[in-house]
Amino acid sequence: MTRAKTLLGLALVGAVAIALVLGGTGVFVARAADPIKIGLGMALTGGLSANGKPALMAIQIWKDDVNKKGGLLGRPVEVIAYDDQTNAATVPGIYTKLLEVDKVNFVVSGYGTNLIAPLMPIAMERKLTIMGILGLANNEKYKYPNYFQIQPSGPDPEANWATGFFEIAAKQNPKPQTIALVGADAEYPRHAIAGARELVKKFGFKTVYDKSYPPSTVDYTPIARAIKAVNPDVVFVASYPPDSVGMVRAAAEVGLQPKIFGGGMVGLQFTTVMASLGPMLNGIVNYDFWAPESTMMFPGIKEFFAEYQKRAKEAGVDTLGYYLPPFAYSAVQILGLAIEGSKSLDQQKVADYIRANEFSTIVGKVRFGANGEWAKSRVLQVQYQGVKGTDVEQFRGPGKKVVLYPEEFKSGNMIYPYSAAQK
Amino acid sequence: MFSWDLVANAVVAGILLGGFYAAVSLGVSLTFGLLDVVNIAHPAFVILGAYAAYVMNSSFGLDPILTGVLFTPLFYLIGAGVYRIYYGSFERRGEESLRGLVFFFGLLFIIEVALSLKYGVDYRMVEAAYIGKSIDLGGVGIAFRLLVPCLVGLAMTLALYLFLSRTFYGRAVMGVSQDQVALRLMGANPVRIKTIAFGLGIAAASLSGALLITISPVVPSTDRDYIGRVFAITVLGGLGSIGGTLVASIILGVAESLMATLFGPSWSLAVSFGILLLALAVRPAGLFGR
């Protein structure tokens, strides 16, 4: 028994000694050549894949850019991505694998509100620093301090989303009085419409139509006709790409001509949608995040689009990529800057650094507020003007998507009413 | 907000929508309703048809519906091939119920992923002279984007009806759905007849895909929006009844449109499926089922 104890003791001492020796020689510590791993799930198939694929492409471009410059903290960067199939149920499994099997150093969210939501509890439980990619109001209930979201919604995401649209509407002369609100029965449109209802009260409009529709609706002409019947001055639409196209076409077909039309239509920013709708877009005032106007040319953005558009052509994704890709790039750009700035891979230190600093990114200067959203909203309101035919090339230059709001990025004046812009 | 003008517009819009639904559902009515093959991949073939229309439209400027017509022989061959694989692997062995369903699910995902890999996941649309234009007939607005698919849907329904009721092969298809042994005794090969019928069902997807992309933008996963709808229409109309499929399509189209116009669009789908449940409670075999 005594001999056995002695042997066990010797074995333990030996094991500790070997561990110390190996540790000292660097076998157990990260070597300089070990990559810093960033993991994410992304919608590469399914309903949001039209955005998910370009987002991942942008993140890969950032990785290549960083590695060309020597990586982060002298180590190369590796991106590990899995297809979440636009299915929220896959998210917990993907991130568990990323953390437990792939041993990633940091995680970034997938694209969109629905895919960020299931990641929040995982991030909170493991105290992760998490960069969110275009989620609307994901952190409003959790108040998780280490969540940062790159969509420029602002400190009050629901209300800030449409503030510009309502401010513009209220400034017109004569001021429009009545408004119709219509949106899909889905996560984002519900948030957007909820925010719009608050703004209706704030700006003193009278709501004459407030309805939602199922996302699988095929024909939008009955909706457009019902809105036309109540003759609103303003029509605020919160929709996803297929319904945005449906609403714009239906409005043109039934002759729906409010004084201001647009608001929160996702999809009108996509190249194929813009090219397909062509002149039907004229006069629409809609949210956007970036437009090729002189006021939006931030350092690095031109180089990013040059690389993105080259890759997008081969991959069959949004060819111009003005909507989501630069923001996906900026999300990881901020993460990289924070790793370099804090000289650390510690989740908390990196989160503290992100919270305390302003970052110069390809989408401009970004500072986060207490809830992880942009400290100041920068949701643009643009108006489509002078669109002729369906040639994609016309959207590359300035003048087709004129920035009306916010004032500091304004690039032109609004054509009012909507019908005047359609002539 | 009620007005007769709105009701008239809603009814017309519903009929137009119904004509399109009929076009999309015909293939399922043929394969599921008559052949008892749960071809859950049918909407994926519809999307394949939509992409064929997109490619020909964007590359050669070809009209989407003309493309739909031109591609029907190819889709027929694909359909016939798919049925042969299905028959050889499952139906002949009597394993068609669950395994066959899994086969078609797999096929649906393969088509979806293949389209994603080949054409990406961007929204695809077509251009045609009639898209975006409308006419006003006595206060009733008719969008050509919906009128053309409705007319094509009606023509497809009529053609299929005439085929099934007036031709030898059509009657054989009806026969195979009723009594395969009797058909064999008449000297006809049920497998061959079913191959022809399945091929026709998939050929219809070529045209209905072209109609779909004329109405709204398409991505590879759009097929999922239609799975429930087309099977509901087929069941409501009565399995195997081509006329029933058209009537059920129009009922659902008009119900959706009236709800969207008068009471709020969020109820439109719930009411449509409510009608389905009610109809099945009264007539379990569907409106025109035997």
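Here is a walk through a sheet in chain A and a helix pair in chain B of this predicted model.

Let's start with chain A. Seven strands build an open sheet there, in the order E7-E6-E8-E9-E10-E13-E14, and the pairing is mixed. The two ends of that order are worth a look: E7 (206-213) and E14 (401-405) of chain A each have a single partner strand, so one side of each is left without a neighbour in the sheet.

Zoom in on the E14(A) end. Its link to strand E13 (residues 380-384) of chain A is antiparallel and consists of 4 bridges.

H7 (residues 187-203) of chain A lies across E6 (178-184), E7, E8 (234-239) and E9 (260-265) of chain A, and its direction makes about 165° with E6(A).

Over in chain B, it's helix against helix. H4 (residues 72-91) of chain B packs on H9 (residues 190-215) of chain B with 7 Å between the axes and an angle of about 135°. Angles over 145 would count as roughly antiparallel, but this pair falls in the oblique class because of its angle. The crossing of H4(B) past H9(B) is right-handed.

What does the contact consist of, by class? Between H4(B) and H9(B) there are 15 nonpolar, 6 polar and 2 charged residues. On the H4(B) side you'll see Phe75(B), Ile78(B), Tyr83(B) and Arg84(B), among others, while the H9(B) side includes Lys194(B), Phe198(B), Gly201(B) and Leu207(B).

Notes. Residues numbered from 1 in each chain as written. Chains lettered and ligands numbered in written order. Predicted model: local features only at pLDDT ≥ 70, side-chain atom pairs only at ≥ 80, totals over all residues. Pairing = 2+ DSSP bridges. Contact = placed C-beta atoms within 7 Å. Axes fitted to C-alpha atoms, helices over the stretch in contact; angles between N-to-C directions. Parallel < 35°, antiparallel > 145°, perpendicular 65-115°, else oblique. Left-handed = near helix turned anticlockwise from the far one by under 90°. Nonpolar A, V, L, I, M, F, W, Y, C, P; charged D, E, K, R; others polar.
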